[in-house]
Structure formats: C-alpha cells, structure tokens
Amino acid sequence: MQFSKGRVRGGDGSGPSEGHHEARGPASAEMPGDVPFDDPWYDALSSGWGEPGTVAAPVPAARQGQGQGPEQDDDGAAAEVYLEVQRSPAFQEVRSRYRRFVVPATFGFFLWYVAYVVAATAAPGFMARPVAGAVNVGLVAGLGQFLSTFLLTWAYARHARLRRDRAALELRWDTQELTRGARGGAA
C-alpha cells in the first residue's frame, strides 16, 4: 500500500482502493476520519518497511562481511593506494599547511570570543562606556565579533585557494590514477 496525501493506493500505485484504510502513525489517533496528512516525508518508507508482501533488498556480500571475490581484492588494493598517499610527503605538506592556519586562527578567535564574554560580564561599566552617541564599547565589540567572523572566513578561503587547493587537487588526480591502476584499469 502507498499513501499519497490521504489517498490509499493499491500496491501497484494504480489508484485508490475502495473501502480500505490503514492507521498512519501517531497523528491517526488524533484525527478522526480520512483527513489528509500533509507530511511529505511520511510516505517515504524505507525499503521493505510497512508494505505487506515486500521483501527487503538483499545486502551485498561485501557489506555482510563475507567479502569474497574480485571486488574485495580491488577494494584492498584501493585501500593500499589511499594509505600510500596518506604517508606521502605531498599529503603531509597539505595537512601541515592546513594545521598551520587553522590551529592559530581557531585559538585566536576563541580567545577573542572569551575576552568579549568576560568583559561583558566582569566589566559592565567599561562595556557601557559611550563611543559615539548611543553606540557604546559593548556594541562595537559585539559588531566586531561579526566582522571578525567574516574576515576569518575570507582569510581561510584565501589561504586554501593560495596554499592548499592546487596541491590537494594534484594529490586527488594522482590518487585516482593510482586507484585506476590498482584496479586493473577499470574505472
């Protein structure tokens, strides 16, 4: 049976079936009669769930842990390729460049955020000090939090584009070529 906006259909989806209605979840106890149920995700049943007479799709042998056959050999060879790439100096350099930017940037931003929160709670007089008209130090510092977030995002994207993206793309192409070779040319 399939439900579609409150209509019950036959198993083949041909149309409404006469006189056959089933309870449809927790909302059915609250709604008497045949009221349309407008949850678009409610009708999306998992494979083999809720439909009588259907059998769940078989799980491939590799996922059942049986793993015999040429596919398992290909996967093992591909795994070795990825481990080899991970140990390579080029990959280590990309990771090192990433860490050299992210760790100090995260630490600096976290320190700036904690300083703002501590100043707001420990020094309310300082944060209330007027800067210009109704604008005070706390408002300027709060807006500075937003500005620093955007600046940090821009700096991260620029750093990635200038220092990591090309090397990571070359690694990706090399990895794909090595994987193709390990699988015997099959893509």
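Q: Is Y156 buried, exposed or partly exposed, and what is its relative accessible area?
A: This is a predicted model, where local features need pLDDT of at least 70, side-chain atom pairs count only at pLDDT 80 or more, and totals for chains, interfaces and linings use all residues. Residues are numbered from 1 along each chain as its sequence is written, and side-chain values use heavy atoms, with hydrogens and water left out. Buried means under 20% relative accessible area, exposed over 50%, and partly exposed in between, with a 1.4 Å probe and protein chains only. Y156 counts as partly exposed because its relative accessible area is 33%.

Q: How many aromatic pairs does a search of the whole structure find, and is the pair of F101 and Y156 stacked, edge-to-face or tilted?
A: Rings of Phe, Tyr and Trp (its six-membered ring) pair if their centres lie within 6.5 Å; planes under 30 degrees apart are stacked, over 60 edge-to-face, and the rest tilted. The search of the whole structure gives one aromatic pair. The ring centres of F101 and Y156 are 5.9 Å apart and their planes stand at 50°, so this pair is tilted.

Q: Which helices does the pair link?
A: Helices here are DSSP runs (H or I, at least four residues), strands are E runs of at least two, and both are numbered from the N terminus. F101 and Y156 are 55 residues apart, so the pair links distant parts of the chain. F101 lies in helix α3 (residues 89-122), and Y156 in helix α5.

Q: Is F101 buried or exposed?
A: The relative accessible area of F101 is 18%. F101 is therefore buried.

Q: Where is the kink in helix α5 centred?
A: The bend at a residue is the angle between axes fitted to the seven residues ending there and the seven starting there. Helix α5 covers residues 137-182 and has a kink of about 55°. The kink is centred on R164.

Q: Which residue caps the N-terminal end of α5?
A: Look for a side-chain oxygen 3.3 Å from the backbone nitrogen of G138. That oxygen belongs to N136.

Q: Which residues does V131 touch, leaving out those up to four places away in sequence?
A: V131 sits in strand β3 (residues 130-132). V131 is exposed because its relative accessible area is 52%. With contact meaning heavy atoms within 4.5 Å, V131 touches N136, V137 and V140.

Q: What pLDDT does the protein chain average?
A: pLDDT is the predictor's confidence in each residue, from 0 to 100. In the protein chain, 58% of the residues score at least 70. The average is 74.

Methods. A polar contact is a pair of N or O atoms within 3.5 Å; within protein, one must be able to donate a hydrogen and the other to accept it, and residues adjacent in sequence count only if both atoms are side-chain atoms.
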